[in-house]
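Please open the structure in your viewer and keep the selection tool ready. Each stop on this tour says what to select and what is there.

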Amino acid sequence: MITGPEDPDSGRVSAGKTSRSDTLYYISDIVHELKRLAEKAEYRTLAAILGVALLEARTQSKESER
């Protein structure tokens, strides 16, 4: 089972509420892995869609750090 940033088993030390940055970092990791799997299986359209999602997650992550 995949643990998210709010899951107590995720290994992240949390002082309560998960930050927006942590959530976006987690989403980026998951989308990146899915994109890699889609590319390996030669699902080009799916990999491209996931590539756009990854770009958006990384952009949002940079925006939240400001």
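Select Ile27. Is this residue buried, partly exposed or exposed? Ile27 has 37% relative accessibility, so it counts as partly exposed. The cut-offs matter here, because buried means under 20% and exposed means over 50%. Keep in mind that this is a predicted model. Ile27 lies in helix H1. Ile27 and Arg58 are 31 residues apart along the chain, and their C-alpha atoms are separated by 9.0 Å.

**Stop 1: the whole protein**

Zoom out and show the cartoon. How many helices and strands does the protein have? There are two helices and zero strands. The protein has 66 residues, and buried residues make up 18% of them. The protein exposes about 5,300 Å². Carbon and sulfur atoms supply 55% of that area. Next, think about contacts between residues at least 6 apart in sequence. Of these, 37% join residues at least 24 apart.

**Stop 2: helix H1**

Select residues 20-40. This is helix H1, with 21 residues. From its first C-alpha to its last, H1 reaches 30 Å. That is close to the 30 Å expected at 1.5 Å a residue.

Now pick out Leu24, Ser28, Val31 and Ala38, which are buried in H1. Look down the axis of H1. Where do its buried residues fall? They fall within an arc of 95°, so they line one face of the helix. Against what do they pack? The buried residues of H1 pack against helix H2 (44-64).

Move on to Glu42, which follows H1. The phi of Glu42 is positive, near 65°.

**Stop 3: two salt bridges**

Side chains of opposite charge can pair when their charged atoms come close. A search of the whole structure finds two salt bridges.

Select Arg36 and Glu33 for one of them. Arg36 forms a salt bridge with Glu33, and their closest N and O atoms are 2.6 Å apart. Why does the helix separate them by about one turn? Arg36 and Glu33 are three residues apart in helix H1, so about one helical turn lies between them. Arg36 is partly exposed, at 37% relative accessibility. Glu33 is also partly exposed, with a relative accessible area of 35%.

Now select Lys35 and Glu39. Lys35 forms a salt bridge with Glu39, and here the closest N and O atoms are 2.5 Å apart. Lys35 and Glu39 are four residues apart in helix H1, so they too are separated by about one helical turn. Lys35 is partly exposed, with a relative accessible area of 21%. Glu39 is partly exposed, at 42% relative accessibility.

**Stop 4: helix H2**

Select residues 44-64, which form helix H2. H2 has 21 residues, and at 1.5 Å a residue they should span 30 Å. The end C-alpha atoms of H2 are 30 Å apart, which agrees.

Which residues of H2 are buried? They are Ala47, Leu50, Leu54, Ala57 and Ser61. These residues cover an arc of only 80° around the axis, so they sit on the same side of H2. H1 is included in what covers them.

Leu46 has 43% relative accessibility, so it counts as partly exposed. Leu46 and Leu34 are 12 residues apart along the chain, and 9.2 Å separates their C-alpha atoms.

**Stop 5**

In soluble globular proteins, nonpolar side chains tend to be buried together. Select Val31, Ala38, Ala47, Leu50 and Leu54. These five residues make up the largest nonpolar core. H1 and H2 each supply at least two residues of this core. Which helix gives the most? H2 does, with three residues.

Finish on Ala47. Leave aside its neighbours within four places in sequence. Ala47 is then in contact with Lys35, Ala38 and Glu39. Of these contacts, Lys35 and Glu39 are the partners in a salt bridge, and Ala38 is a member of the core.

Conventions: Residues are numbered from 1 along each chain as its sequence is written. This is a predicted model: local features need pLDDT of at least 70, side-chain atom pairs count only at pLDDT 80 or more; totals for chains, interfaces and linings use all residues. Side-chain values use heavy atoms; hydrogens and water are left out. The expected span of a helix is 1.5 Å times one less than its number of residues. Buried means under 20% relative accessible area, exposed over 50%, partly exposed in between (1.4 Å probe, protein chains only). The arc is that of the directions from the helix axis to the C-beta atoms. Contact means heavy atoms within 4.5 Å. A nonpolar core is a set of buried Ala, Val, Leu, Ile, Met, Phe, Trp, Tyr and Cys residues joined through side-chain atoms within 4.5 Å. Accessible areas come from the Shrake-Rupley method with a 1.4 Å probe; for residues, only the protein chains shown count as cover. A salt bridge is a side-chain nitrogen of Lys or Arg within 4 Å of a carboxyl oxygen of Asp or Glu.
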